Amino acid sequence: GFDHPEIIQRFEDKFAEYCDTKYAIAINSCGVGLDMAMKLLDLKNGDEVICPAINFKAAHLAIHGNGGKVVFCEIDPRTFNVDPEDVERKITKKTRAIFPVHMNGLSAPMDEILELAEKYPHSKYGPLKVIGDAARSCGAIYKSDKVGSRGWMTAFSFHTRKHMTTLGEGGAITT
């Protein structure tokens, strides 16, 4: 596989097409994708990223490990996805990104989250970045859109226990 880059490129092209997004990049795990997203934000000390507490620790560690402050938000108890009303309450002038988790095959409420990102832009960086954690939701649909097609970046996991697997570790980011 990895000694044949054309196979990886074909997979990336097909996965981008499947998610209805311009780009997909194969990576070795979702955690790496989450870390990449935080590195690309170039977080400064005190920059905040809003993320639900109910999630695997990789999202929180990616924020913290790249110099950001994790701001926990509540979830909708019916779906376990972020509660947009609580996200709005947590936004401050230091907020750089909203980090929804598409939980257990269900998409986060992307319309509301993307509206908040536009409504409360950062004074230096503009609209808040929406970075999806779709480790548990490859193939999920929000209204008529595939998870991974909306927002700034979305990270997927292909771990053995996920919806789609590469028989071990693996993942992708879409953007």
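Buried means under 20% relative accessible area, exposed over 50% and partly exposed in between, computed with a 1.4 Å probe on protein chains only. The views below show a predicted model, in which local features need pLDDT of at least 70 and side-chain atom pairs count only at pLDDT 80 or more, while totals for chains, interfaces and linings use all residues. Residues are numbered from 1 along each chain as its sequence is written, and side-chain values use heavy atoms, with hydrogens and water left out.

View 1. D42 lies in the loop between α2 and β2, and D42 is partly exposed, with a relative accessible area of 43%. Helices (H or I, at least four residues) and strands (E, at least two) are DSSP runs, numbered from the N terminus. Phi of D42 is near 55 degrees, a positive value in a residue other than glycine. D20 occupies the loop between α1 (5-19) and β1; its phi is near 60 degrees, again positive in a residue other than glycine. With a relative accessible area of 59%, D20 is exposed. Most residues other than glycine have a negative phi.

**View 2. The crossing of helices α2 and α3.** The axes of α2 (residues 30-41) and α3 (residues 57-65) come within 9 Å and cross at roughly 30 degrees. Axes are lines fitted to C-alpha atoms, for helices over the stretch in contact, and angles run from 0 to 180 degrees between N-to-C directions. The crossing of α2 and α3 is right-handed, that is, the near helix is turned clockwise from the far one by less than a right angle. G31, L34, D35 and M38 of α2 meet A58, A59, A62 and I63 of α3, where contact means heavy atoms within 4.5 Å. By class, the contact of α2 with α3 has 6 nonpolar, 1 polar and 1 charged residues. Here Ala, Val, Leu, Ile, Met, Phe, Trp, Tyr, Cys and Pro count as nonpolar, Asp, Glu, Lys and Arg as charged, and the others, Gly among them, as polar.

**View 3. The covered residues of α3 and the glycine that follows.** The buried residues of α3 are A58, A59, H60, A62 and I63. Their cover includes α2, β2, β3 and β5. After α3 comes G67, whose phi is positive, near 90 degrees.

View 4. Seven strands form an open sheet in the order β1-β9-β8-β5-β4-β2-β3, with mixed pairing; two strands pair if DSSP finds at least two bridges between them. From one strand to the next, the twist averages 25 degrees. Helix α2 packs on the sheet, touching β1, β2 (48-52), β4 (95-98), β5 (129-133), β8 and β9, and its direction makes about 160 degrees with that of β8.

**View 5. Strand pairs within the sheet.** Strands β8 (residues 153-157) and β9 (residues 171-174) run antiparallel and are joined by 4 bridges. The bridge partner of A155 in β9 is I173. By contrast in direction, β4 and β5 run parallel, with 2 bridges between them. A97 stands opposite K129 in β5. Of the 5 residues of β5, 4 are buried, and the strand is mostly covered.

**View 6. A37 of helix α2.** A37 belongs to helix α2 and, at 1% relative accessibility, counts as buried. Not counting residues up to four places away in sequence, A37 touches I131, W152 and M153. The C-alpha atoms of A37 and A155 are separated by 8.6 Å, although these residues are 118 residues apart along the chain.

**View 7. C73 and K69 in strand β3.** C73 is found in strand β3 and counts as buried at 6% relative accessibility. Beyond residues up to four places away in sequence, C73 touches I50, C51, P52, A53, V82, D86, V87 and K90. K69, also found in strand β3, is partly exposed, with a relative accessible area of 46%. Leaving aside neighbours within four places in sequence, K69 is in contact with D47, E48, V49 and I63. K69 and A53 are 16 residues apart in sequence and 13 Å apart in space, C-alpha to C-alpha.
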